[in-house]
Amino acid sequence: MLRVRNYLLAAAAVSLAVFLTAPGPAQAAQPKRVTVTGEIIDSWCYLSEIMWATGSAHHQCAVWCARGGVPVGILGDDEQVYIVLKMNNDPDVIGDHGILRMQSNEVVVEGDLYVRDSVKYLAIDTIIDDHGIVNHSHDEFDIQPFGD
Amino acid sequence: MNKSYKSILAGLFALALFTLPGLAVAADSWGLPGEEEVRFDAKVTDVLCVLSGDCPPDCGAGKRVLGLLKADGELVLPVKNGGPFTGAVADLLPYCGTTVTADGLFTVNYGVKTFAMQFVKPQEAKWRRANQFVKDWAAAHGLEAKDKKARSWFRNDETIVEIIGEQGKLGLKDKGIEP
């Protein structure tokens, strides 16, 4: 009987520990302040490599995907991919008009970086600079996809 | 066993193939980098909520990046659904805060793991193809999702037409560069 009670107590302790350590809204991670320079990209086309997915060659497709609800990313000068959770302090980044018009632009942004399960998430509060499209990839890759 | 009885059994078997979870639904390979066909249970959540504690009650009403939080704590990022040029937010939003079974492909590239969701099954409900964006777009335009205009929604969407009209297909119209 004592053994059963000890077992139950141990199980309860383990359950409590799992509950207390499980990630969730109640235990938000501490972000790191960062400044990132890079190109605003369509995360899916870039990470899946289904086509050439940066610069002017991919601009139209990047607008399509951002409008269609694919998360927008930034390909940093450090070659890291950042998933944008906020732009200019606005968390409405899915299908949003503001972010649609920035596709393929090179930007300098500042915000909070969260890293979770291999993904770098960026909550941008400040757009320091927007250089427009500087990657003229259409010279080499035409229009991706379909050529028109 | 007479012939009509055999026909009934064959019909029931065929029906079972199309209705039983796990038999008719399975992810198609897309040949992605580091691809893995997966099926898992997870809670639909707002990623910003999980990471920062900023939690609107409706997961952001479809305007925020959504994630799938597994029981083991892994936060999966769905970036794509089964439609053309569309993400999975519209498929997941109705189930904000609840657990679903998701079926699709993990892909790992440049050290980043993401998820392409092809099917989703809410609790106590049937499997659905993950193509809600096009269905919603079609409905908003008085069309069926199978209509040609809806299937090419990305060439017909008013906002896209407006932006590409202003910026050009290369985004360089203001610099006088157009295809």
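Author: Happy to! Let's start with the strands of chain A in this predicted model. Five of them close into a barrel, in the order E1-E2-E3-E5-E4, and their pairing is mixed. On average, and with direction ignored, neighbouring strands of this sheet are turned by 55° against each other.

One pairing to pick out is that of strand E4 (residues 106-116) with strand E5 (residues 119-130), both of chain A: they run in the antiparallel sense and are joined over 10 bridges. To find your place in this pair, look for Gly111(A), which stands opposite Ile124(A) in E5(A).

Now to the helix. H3(A) lies across two strands of chain A, E1 (32-42) and E2 (72-76), and its direction is at about 115° to E1(A).

H3(A) also takes us over to the other chain. Helix H3 (residues 59-67) of chain A packs with helix H7 (residues 158-167) of chain B, at an angle of about 150° and with the axes 10 Å apart. Angles over 145 degrees count as roughly antiparallel, and H3(A) and H7(B) are therefore roughly antiparallel to each other. Their crossing is right-handed.

Which residues make this contact? From H3(A) come Gln60(A), Val63(A), Trp64(A) and Arg67(A), and they meet Thr159(B), Ile160(B), Ile163(B) and Ile164(B) in H7(B). Sorted by class, the contact of H3(A) with H7(B) has five nonpolar residues, two polar ones and one charged one.

Methods
Residues are numbered from 1 along each chain as its sequence is written. Chains are lettered from A and ligands numbered from 1 in the order in which they are written. This is a predicted model: local features need pLDDT of at least 70, side-chain atom pairs count only at pLDDT 80 or more; totals for chains, interfaces and linings use all residues. Axes are lines fitted to C-alpha atoms, for helices over the stretch in contact, and angles run from 0 to 180 degrees between N-to-C directions. Helices (H or I, at least four residues) and strands (E, at least two) are DSSP runs, numbered from the N terminus. Angles under 35 degrees count as roughly parallel, over 145 as roughly antiparallel, 65 to 115 as roughly perpendicular and the rest as oblique. A crossing is left-handed if the near helix is turned anticlockwise from the far one by less than a right angle, and right-handed if clockwise. Two residues are in contact if their C-beta atoms, placed from the backbone, lie within 7 Å. Ala, Val, Leu, Ile, Met, Phe, Trp, Tyr, Cys and Pro count as nonpolar, Asp, Glu, Lys and Arg as charged, and the others, Gly among them, as polar. Two strands pair if DSSP finds at least two bridges between them.
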